[in-house]
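I set out to record what I looked up in this structure, entry by entry. I began with a loop, then turned to a helix pair and finally to the nonpolar cores.

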Amino acid sequence: MNRIPFFDRLRDARRILIAGAGGGFDVYGGLPLALALHADGREVHLGSLSLVNVYGLGDGFARITPTSEGPSDYFPERTLATWLTSKSLSSISVYAFPRTGVRPLRAAYRRLAKKLRLDAIVLVDGGTDILLRGDEAALGTPVEDATSLAAVLGTPVPVRLVASIGFGIDAYHGVNHAQVLENIAALDRAGAYLGTFSVPSHSREATLYRDAVAHARAATPGRASIVHAQIAAALSGLAGDVPLPEVAGPLFVNPLMAMYVTADLPGLAAQSLYLPRIRHTDDMLQVSHEINRFRDEIEPRPRVPFPH
C-alpha cells in the first residue's frame, strides 16, 4: 500500500513528456507532476495542443520559448515557458502541437518521441472527460482529449499513462461524475487503474503551481482557465462556492479537485467506444463529426445521482 502503481510505472523512465490532452491551459494540469519528476532528476518536457497559430511547425510540433512569435493576448504555451524561465526552470522545455486530427497529431508525437528519445508519455487532462468512454449522459468537451488519446495510443513509447486532475469540475459542462466513478471502477476491473493521489497543498509543487496559475491569470486577462482557477483554490484549502473571477457561480470547490486519477493509457483507450472511429481523421472537425455520429447511434446511460 505504500507504493502508488502510477509512479512504479515511471520508476525507470528518465526522459518523460507530460502533455496536456486538451487545448490551451490543460498542460498546466501536468505542472505538479513535472516539477516533482524534475526534482527527482528526470529529464522532463511539457507538451500542449495549442489553440493558437504556432510558427515553426515543420515537424508537426514547435519548441516554445519566452520569445516565440504569436498572439500577445493569449498564448498559454509561451506564458508557461516565460513562467518556467522566471523560476530558473527553463530546462523543462515546452512544445506545442497544432489542433489537427489523429493522423497528423500521431505523426507529430512519433517524431517528437524520437527526437527526445522518450521513455514515457503522461497525458494529462484538466477535468475528467478523458475518463469517459462515450455512452455517458454527457461527454463534456471530448474532441481534443479523444484526439490526443488516440494519437498517443499510436506512439511507440515504452510507458504511456493518463493522469486526470480536477474531479468535479466538468459538471460545468454537464458531466455526471457518478458515471466517472463507474468508469474508474471498470478500469480497476480491467487492471488499468493506477491509483489516485493528492498534490499536498503545502508542498513545493503546489506552491509553484499556484504561482504559475496566478501568473497565467495576470498574463491572460479575460481568458484565464476556469479549470485551474478551481484546482488552485482547492490547493489553497478553500471549499464550497468560492468567488472566482473566471467562473460564474455557484461552485463546489473541494479537495477532490486536487487529486490525480491515473490510468494505463492503452487500457483507458480500450474502454472507449468511439476511439476506433477517429483513428484516421485528419482534422478536428472530422473527430467531432465521428463522435456526434456515434452519439446518434446509441442510447446513453441514464444520469445517476450521487447517493450522499
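Entry 1, the loop. I located threonine 220 in the loop between H7 and H8. I note that the model is a predicted one. I then checked the accessibility of threonine 220: its relative accessible area is 1%. I class threonine 220 as buried because this value lies under 20%. Setting aside residues up to four places away in sequence, I found threonine 220 touching Phe25, Asp73, Tyr74 and Thr79.

I looked up H7, residues 204-219, and H8, residues 226-234. Their axes come within 10 Å and cross at roughly 145°. I recorded the crossing of H7 and H8 as left-handed. On the H7 side I listed Tyr209, Arg210, Val213 and Arg217, which meet His228, Ala229, Ile231 and Ala232 in H8. Sorted by class, the contact of H7 with H8 has five nonpolar, one polar and two charged residues.

I asked which residues have the most contacts inside the largest nonpolar core. They are Leu10, Ile18, Leu46 and Val122, in a core of 61 residues.

Definitions and conventions. Residues numbered from 1 in each chain as written. Predicted model: local features only at pLDDT ≥ 70, side-chain atom pairs only at ≥ 80, totals over all residues. Heavy atoms only, no water. Axes fitted to C-alpha atoms, helices over the stretch in contact; angles between N-to-C directions. Helix = DSSP H or I, 4+ residues; strand = E, 2+ residues; numbered from the N terminus. Left-handed = near helix turned anticlockwise from the far one by under 90°. Contact = heavy atoms within 4.5 Å. Nonpolar A, V, L, I, M, F, W, Y, C, P; charged D, E, K, R; others polar. Core = buried A, V, L, I, M, F, W, Y, C linked by side-chain atoms within 4.5 Å. Buried < 20%, exposed > 50% of the residue type's maximum accessible area, 1.4 Å probe, protein only.
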